[in-house]
Amino acid sequence: MKAKEIHALGDQDLSKELANAREELFNLRFRLATGQVDDTSKISQVKKTIARLLTEIRMREIAAARAASPEEVSVHG
């Protein structure tokens, strides 16, 4: 899944995609252990997708926190 596709997803869709990607990674690792995986590069692709999803979720959390709280200006001195 490309970053542009991830940016277009809603919050609930992000959570669903993250759960699906984690399940897929689990299945790939299980199949790797039993010797049933033909394309081992798929594991790294899924891991990168998970990282992209987590990054997008975190970016949205940060943006929401900044929008919720006014900018604090601290003056030391």
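The following legends describe several close-up views of one predicted model.

In this predicted model, local features need pLDDT of at least 70 and side-chain atom pairs count only at pLDDT 80 or more, while totals for chains, interfaces and linings use all residues. Residues are numbered from 1 along each chain as its sequence is written, and side-chain values use heavy atoms, with hydrogens and water left out.

**Figure 1. The protein chain follows the pattern α-α-α along the sequence.** The chain holds three helices and zero strands; helices (H or I, at least four residues) and strands (E, at least two) are DSSP runs, numbered from the N terminus. Of the 77 residues, 18% are buried, where buried means under 20% relative accessible area, exposed over 50%, and partly exposed in between (1.4 Å probe, protein chains only). The chain exposes about 6200 Å², of which carbon and sulfur atoms supply 53%; accessible areas come from the Shrake-Rupley method with a 1.4 Å probe, and for residues only the protein chains shown count as cover. Among contacts between residues at least 6 apart in sequence, 63% join residues at least 24 apart; contact means heavy atoms within 4.5 Å.

**Figure 2. The largest nonpolar core contains 11 residues.** Its members are I6, L9, L14, L18, A21, L25, L28, I43, V46, I50 and L53. Helices α2 (11-33) and α3 (41-68) each supply at least two residues of this core, and α2 gives the most, with five. A nonpolar core is a set of buried Ala, Val, Leu, Ile, Met, Phe, Trp, Tyr and Cys residues joined through side-chain atoms within 4.5 Å. In soluble globular proteins, nonpolar side chains tend to be buried together. Leaving aside neighbours within four places in sequence, the core residue I50 is in contact with L18, A21, R22 and L25.

**Figure 3. E56 is a residue of helix α3.** E56 counts as buried because its relative accessibility is 7%. Not counting residues up to four places away in sequence, E56 touches I6, H7 and L14.

**Figure 4. One aromatic pair is found in the whole structure.** The pair is formed by F26 and F30, which are stacked, at 6.5 Å centre to centre and 25° between the planes. Rings of Phe, Tyr and Trp (its six-membered ring) pair if their centres lie within 6.5 Å; planes under 30 degrees apart count as stacked, over 60 as edge-to-face and the rest as tilted. Both residues lie in helix α2, four residues apart, about one turn of the helix. F26 and F30 are both exposed.

**Figure 5. The largest pocket is lined by M1, E17, N20, A21, E24, K42, Q45, V46 and T49.** The pocket holds about 160 Å³ of space, and α2 and α3 each supply at least two residues of its lining. On a 1 Å grid over the protein atoms alone, a pocket is an open set of points where a 1.4 Å probe fits, with protein on both sides within 12 Å along at least five of seven lines; lining residues have an atom within 4 Å of a point. T49, in helix α3, is buried because its relative accessible area is 13%. Not counting residues up to four places away in sequence, T49 touches M1 and I6.

**Figure 6. V37 lies in the loop between α2 and α3.** V37 counts as buried because its relative accessibility is 14%. Beyond residues up to four places away in sequence, V37 touches L28, R31 and L32. V37 and N27 are 10 residues apart in sequence and 9.9 Å apart in space, C-alpha to C-alpha.

Note on methods
Grid points are joined across faces, edges and corners, and a volume is the space filled by probe spheres set on the points.
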